[in-house]
Amino acid sequence: MNKALRQTVIAGNWKMNKTRPEAKELIEAIKPLAEKADCGVVICVPFTNLETAVELTKGTNIKVGAENVHFEKSGAFTGEISADMLTEIGVEYVIIGHSERRQYFGETDETVNKRTKAALAAGLKPIVCVGELLWERECGITEEIVARQIKLDLFDVSAEDVKKTIIAYEPVWAIGTGKVATSEQAEEVCKLIRDTLAKLYSQEVADAVTIQYGGSMNPSNCEELLAQPDVDGGLIGGASLKAEQFGVLLNAASK
Ligand code: PEP
C-alpha cells in the first residue's frame with residue numbers, strides 16, 4: 001500500500017447548517033488555514049450556499065462540493081438538483097449516499113449507484129459513503145455489509161471513473177455521536193474497501209483511490225486515524241463547522 005499513489009483529502013460536510021452570512025464568515029476563516037495545507041481541501045455545503053462558496057474560494061486551494069445530486073438530467077423531480085446544475089456553477093465534488101440520506105430519505109444502494117454514475121458523467125467527483133450500522137457491527141457482519149455496498153454502489157462504474165471517486169468509510173454508529181472508531185477499526189475497514197476494489201478492478205486502481213474515514217473525527221483523534229496506511233483523509237461533520245478545528249485536521253492530513 002502506498003499513500004503516495006493517491007491524494008489525501010479532508011472534506012467538510014456542513015449538513016443543514018449555515019445561513020449565507022454564516023457561510024461567508026466560516027469560509028473566510030478557513031481560507032488562510034487551507035492555504036498552508038498539503039492535502040486536498042473540500043467543503044460540501046448546502047445547495048443555498050454553493051454559489052457563495054464557489055465565488056469566495058475562487059483562486060484558492062479550496063474545492064466546493066454539494067451534499068447530494070439527482071440521477072436524472074432534468075424533469076419532474078420536485079426539490080431535486082441535477083449534476084449539470086452543479087457543474088454549471090463551478091461545483092466539483094458531491095457527497096452521495098451519506099447515511100443520513102439512507103436513513104431519513106430512503107436512499108438505497110441502487111439510487112447511490114445511479115447518482116454516482118450521473119455525477120461522474122457530468123464531471124463531478126463523487127464522495128460515496130458506506131458504513132455499517134451498530135447492530136450490523138455487533139452481529140459481526142461489517143465486512144460483508146461494506147463489501148456489498150462497494151459492489152452495488154460502484155456497479156458499472158469504469159476503472160477510470162472509480163479513480164476519480166472518493167470512498168468515505170463512515171460507520172453509522174460513529175456519525176455525530178462522539179463515538180469514534182478506533183484507528184484499528186478504521187484501518188481494518190478501509191483496507192477491506194481497498195481489497196474489494198482490487199478484486200473488482202485491479203490493485204493499481206485500488207491503490208489510486210482515496211478512502212476517507214468519517215465519524216466524529218476531531219482535533220484530538222485525527223492524527224492517529226490519519227496515520228493509518230489505508231486512511232487517506234476524512235469526511236468531517238461537526239468539526240468542519242469550526243474553522244480552527246477544521247484547520248487542525250488539515251494540518252494533521254498534511255504531515
Ligand atoms: C459526517 O456527517 O459525514 C460526519 C462524519 O459527521 P461527524 O464528523 O459530525 O461525525
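Biologist: Which residues does Glu170 touch, leaving aside residues up to four places away in sequence?

Modeller: Not counting residues up to four places away in sequence, Glu170 touches His98, Cys129, Val130, Gly131, Glu132, Ile175, Gly214, Gly215 and Leu235. Please keep in mind throughout that this is a predicted model.

Biologist: Where does Glu170 lie, and is Glu170 buried or exposed?

Modeller: Glu170 lies in the loop between β6 (166–169) and α9 (183–200). The class follows from relative accessible area, with buried meaning under 20%; Glu170 has a relative accessibility of 5%, so it counts as buried. Sequence distance and spatial distance can then be read side by side: Glu170 and Ser99 are 71 residues apart in sequence, while their C-alpha atoms are 8.0 Å apart in space.

Biologist: What does the chain as a whole contain in helices and strands, and why can it be called as compact as a globular protein of its length?

Modeller: The chain has 12 helices and eight strands. Its radius of gyration is 17 Å, close to the 18 Å that the globule rule gives for 255 residues, and it is therefore as compact as a globular protein of that length. The C-alpha trace spans about 45 × 45 × 35 Å along its principal axes, and 53% of the 255 residues are buried. Of the contacts with a separation of 6 or more, 72% are between residues 24 or more positions apart.

Biologist: Which residues of helix α12 are buried, and what covers them?

Modeller: Helix α12 comprises residues 243–253, and its buried residues are Ala243, Phe246, Gly247, Leu249, Leu250, Ala252 and Ala253. The elements covering them include β1 (9–13), α1 (20–35), β2 (40–44), α11 (222–226) and β8 (233–236).

Leaving out residues up to four places away in sequence, Leu226 touches Lys3, Ile10, Met217, Val231, Gly233, Gly234, Leu249, Ala252 and Ala253. Leu226 and Glu187 are 39 residues apart along the chain, with their C-alpha atoms separated by 9.4 Å.

Biologist: How should I read an aromatic pair, and how many does the structure hold?

Modeller: A pair of aromatic rings is described by the distance of the centres and the angle of the planes. The structure holds two aromatic pairs. In the pair of Tyr104 and Phe105, the ring centres are 6.4 Å apart and the planes stand at 90°, so the pair is edge-to-face. Both Tyr104 and Phe105 are exposed.

Biologist: What is the class of Asp195, and in which helix is it found?

Modeller: Asp195 is found in helix α9 and is partly exposed, its relative accessible area being 26%. The C-alpha atoms of Asp195 and Ala206, which are 11 residues apart along the chain, are separated by 7.2 Å.

Conventions:
Residues are numbered from 1 along each chain as its sequence is written. This is a predicted model: local features need pLDDT of at least 70, side-chain atom pairs count only at pLDDT 80 or more; totals for chains, interfaces and linings use all residues. Side-chain values use heavy atoms; hydrogens and water are left out. Helices (H or I, at least four residues) and strands (E, at least two) are DSSP runs, numbered from the N terminus. The radius of gyration is taken over C-alpha atoms; the globule rule is 2.2 Å times the number of residues to the power 0.38. Buried means under 20% relative accessible area, exposed over 50%, partly exposed in between (1.4 Å probe, protein chains only). Contact means heavy atoms within 4.5 Å. Rings of Phe, Tyr and Trp (its six-membered ring) pair if their centres lie within 6.5 Å; planes under 30 degrees apart count as stacked, over 60 as edge-to-face and the rest as tilted.
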